[in-house]
Amino acid sequence: MDLLAFLRDSPPFDQLTEAELAAIAPAFELVRFSRGTRILREGGAPSEYLYLVWQGEVGLTADGQLRQVLEQGDIFGYPSMLGQDAPVFDVTAAGDVIAYRLPEPHFRTLLDNAAFARYFIGSLGERLRTAFE
């Protein structure tokens, strides 16, 4: 699957126009993480990227307890970017993971698209609710 097809099928990127997708696609970087790699640290520096899982799974852990597992098409990194706060989870590769990452400045330009931005408002609330249940 090529990146543009993957983005078209992955919320919230499916809310972008073809022109927006074509403009943003070159900014994505393909990254690989091996099992056990901590991608973000609970209480650490804010994420500099929006991550989109392409293959594999990542676990979100808070206070040493697994809170959520993210799979293909799921995104992470945005809560700390949006608030410029420390991540509330450790994000760790549960196995070998391939993901696309989008640098923060490019992510912020996409927030001008109202449908794209609305996704993060709802998703952020749900993710935080899950973290503290």
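**Sheet and arginine**

Modeller: Val53 has Ala99 as its bridge partner in S8. This is a predicted model, where local features need pLDDT of at least 70, side-chain atom pairs count only at pLDDT 80 or more, and totals for chains, interfaces and linings use all residues. Residues are numbered from 1 along each chain as its sequence is written, and side-chain values use heavy atoms, with hydrogens and water left out.

Colleague: How many bridges join strand S3 to S8?

Modeller: Strands are DSSP runs of E, at least two residues, numbered from the N terminus. Two strands pair if DSSP finds at least two bridges between them. S3 covers residues 49-55 and runs antiparallel to S8. The bridges joining them number 6.

Colleague: Which strands are the edge strands?

Modeller: The open sheet has 4 strands, in the order S1-S8-S3-S6, with antiparallel pairing. An edge strand here pairs on one side only. That gives strand S1 (29-33) and strand S6 (75-76).

Colleague: Is Arg101 buried or exposed?

Modeller: Arg101 lies in strand S8 (residues 97-103). Buried means under 20% relative accessible area, exposed over 50%, partly exposed in between (1.4 Å probe, protein chains only). Because its relative accessibility is 19%, Arg101 counts as buried.

Colleague: Over which ring does the charged end of Arg101 sit?

Modeller: Contact means heavy atoms within 4.5 Å. Beyond four places in sequence, the contacts of Arg101 include Glu29, Leu50 and Tyr49. A charge sits over a ring if NZ of Lys or CZ of Arg is within 6 Å of the ring centre and within 35 degrees of the ring normal. At 4.0 Å from the centre, the ring is that of Tyr49.
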